[in-house]
Each structure stands twice: as structure tokens, then as C-alpha cells.
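Please find below a note on the model under review.

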Amino acid sequence: MKKRLAIFLSGRGSNFINIHKQILSGEITNAEIVVVFSNNKDAEGIVYAKNNNLPTLIIDHKKFDDRKKFDQAIVDELSSYKIDLICLAGYMRIVSEIIIDSYVSKVINIHPSLLPSFKGMNAQQQAIDYGVRYAGCTVHFVDHGVDTGKIILQDIVDVNSDDDVISLSEKILAREHMLYCKAIDLFCNEKLLLVNDKVVIG
Ligand code: GRF
């Protein structure tokens with residue numbers, strides 16, 4: 001049985017588009033995207049999903065007076081899709097325990113830094129400002145914190161003296177696209193598990 005993926009995004013969607021292409025090309029196996037969820041109906045990722053006949057689900061967070069009610073609405077809507085894995089891909093809302101506890105060890109995220117450094121927003125700018133020589137990206141399970149969950153895979157890039165936030169973000173994004181697909185393929189082929197709070201691969 002193919003693993004049923006939900007993609008959560010809020011904007012550009014380049015990671016999602018890449019995941020979709022790698023499923024179509026067979027680089028990611030045993031996976032199907034069954035819904036693309038966004039809090040933003042105008043997200044470029046949603047436009048791509050519609051153009052490619054992928055089911056979309058839009059719930060506007062601004063219609064809810066708190067995060068938990070919003071997340072409960074998402075969980076309620078998602079239940080009929082029988083999701084095996086939620087992939088956050090540029091999803092700009094903090095995910096509360098309502099979602100995490102409904103999908104234990106089934107929510108993963110990609111973050112554009114070598115966690116645990118540079119959590120939160122503008123990670124690439126944080127790396128430039130700090131003056132690190134290496135930056136990168138991390139795929140991790142999502143827990144109750146922000147960018148604190150158990151690390152699944154990481155990849156690194158050099159930071160050169162002439163790099164700025166744009167050039168560094170481009171370098172990292174190219175690695176993100178490869179890394180996220182690798183993690184998803186592992187999960188979908190049951191080679192990635194979280195056992196006793198430890199990530200087990202292979
Ligand atoms: C990526 O840099 C990802 O690491 C971060 O948000 C960005 C999303 O980019 N979480 P895209 O929407 O996938 O193009």
C-alpha cells in the first residue's frame with residue numbers, strides 16, 4: 001500500500017513541487033500525495049496543485065480566534081484522507097499539539113539551517129549574521145517545540161565570504177529539494193522510524 005501524504009504549505013511550494021515530480025519520476029517510491037493543505041488560498045503551491053489535479057484543502061487561519069481551534073478544524077478535515085505522513089513544506093503556521101498528538105511520529109518538516117542552530121524565521125540570514133562557514137538544511141520530526149524535533153537527515157553547504165542571504169538561500173534550497181525527497185522515500189518504504197525518541201534509519 002502506498003503511503004498517503006498530506007503536504008502543508010503557505011507559499012511558493014518549491015519543495016512540494018519537487019516532491020510531486022520525484023513521485024511521478026519514481027525517485028520517491030511507495031508514496032502518493034492525497035491532499036495539499038494551505039492556510040493561504042493564493043499560495044503558489046496551491047496553484048500548482050490545482051493545475052496538476054491534486055486535491056487541495058484550504059482553511060484560513062484568520063477565521064479562527066485561536067491556534068487550537070484552527071488546528072482542530074484541520075484534523076477534522078484531514079481525517080477522511082487517512083494520512084500516513086504530513087510533510088510541512090514552507091508551512092508558515094506553528095503546528096500545535098492538536099495536530100502533533102493526532103499524528104504521532106507522522107509529521108516532518110524541512111528547515112533551512114543545520115539545527116539546532118538558527119531555529120525559527122530567517123534562518124539563512126541568521127547564519128550570515130553569525131558568520132558561520134557552513135550552513136545547510138535539516139529534515140526533522142515535528143514535536144511540541146519550534147524546530148526542536150528529532151533530526152532525520154541533514155546536508156551542508158559552504159558559506160563563502162561573498163555569499164549573501166539570496167545566494168545562500170539558493171544553495172540551501174537546492175539541497176533541501178534532494179534531502180526532503182530522500183527522507184520521504186525512507187519513510188514511505190518503512191526505513192525511517194522514531195523508536196524510544198531515537199531516529200532509526202534503514
Ligand atoms: C524552505 O526554505 C523551507 O526550508 C522552509 O520554508 C521554505 C519553503 O520554500 N521551511 P518552498 O515553499 O518549499 O519553496
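The points below go from the whole chain to single residues.

1. Basis of the note. This is a predicted model, in which local features need pLDDT of at least 70 and side-chain atom pairs count only at pLDDT 80 or more, whereas totals for chains, interfaces and linings use all residues. Residues are numbered from 1 along each chain as its sequence is written, and side-chain values use heavy atoms, with hydrogens and water left out.

2. Overall fold. The protein chain contains 6 helices and 9 strands; these are DSSP runs numbered from the N terminus, helices being H or I of at least four residues and strands E of at least two. With a radius of gyration of 16 Å, close to the 17 Å that the globule rule gives for 202 residues, the protein chain is therefore as compact as a globular protein of that length. The radius is taken over C-alpha atoms, and the rule is 2.2 Å times the number of residues to the power 0.38. The C-alpha trace spans about 50 × 40 × 40 Å along its principal axes.

3. Of the 202 residues, 47% are buried (buried is under 20% relative accessible area, exposed over 50%, partly exposed in between; 1.4 Å probe, protein chains only). Among contacts with a separation of 6 or more, 64% are between residues 24 or more positions apart (a contact means heavy atoms within 4.5 Å).

4. Serine 10. This residue is placed in the loop between β1 (3-9) and α1 (14-25). Its relative accessibility is 10%, so serine 10 counts as buried. The side chain of serine 10 makes a polar contact of 2.8 Å with the side chain of asparagine 39 (a pair of N or O atoms within 3.5 Å; within protein, one must be able to donate a hydrogen and the other to accept it, and residues adjacent in sequence count only if both atoms are side-chain atoms). Not counting residues up to four places away in sequence, serine 10 also touches others, including Ala43, Gly90 and Met92.

5. Lysine 3. Strand β1 holds lysine 3, which counts as buried because its relative accessibility is 15%. The side chain of lysine 3 forms a polar contact with that of glutamate 190, at 2.7 Å. Leaving aside neighbours within four places in sequence, the contacts of lysine 3 include Asn30, Asp84 and Phe187.

6. Leucine 179. Helix α6 (residues 165-188) contains leucine 179. A relative accessible area of 7% is why leucine 179 is classed as buried. Among the residues that leucine 179 touches, beyond four places in sequence, are Cys137, Val139 and Leu153. Leucine 179 and aspartate 84 lie 95 residues apart in sequence and 19 Å apart in space, C-alpha to C-alpha.

7. Most residues other than glycine have a negative phi, and most peptide bonds are trans. Asparagine 30, in the loop between α1 and β2 (31-38), has a positive phi near 65°. Asparagine 30 is partly exposed, with a relative accessible area of 28%. Aspartate 197 likewise has a positive phi, of about 70°, and sits in the loop between β8 (192-195) and β9 (198-201). The peptide bond from leucine 115 to proline 116 is cis, with omega near 15°; proline 116 lies in the loop between β5 (107-111) and α5 (123-130).
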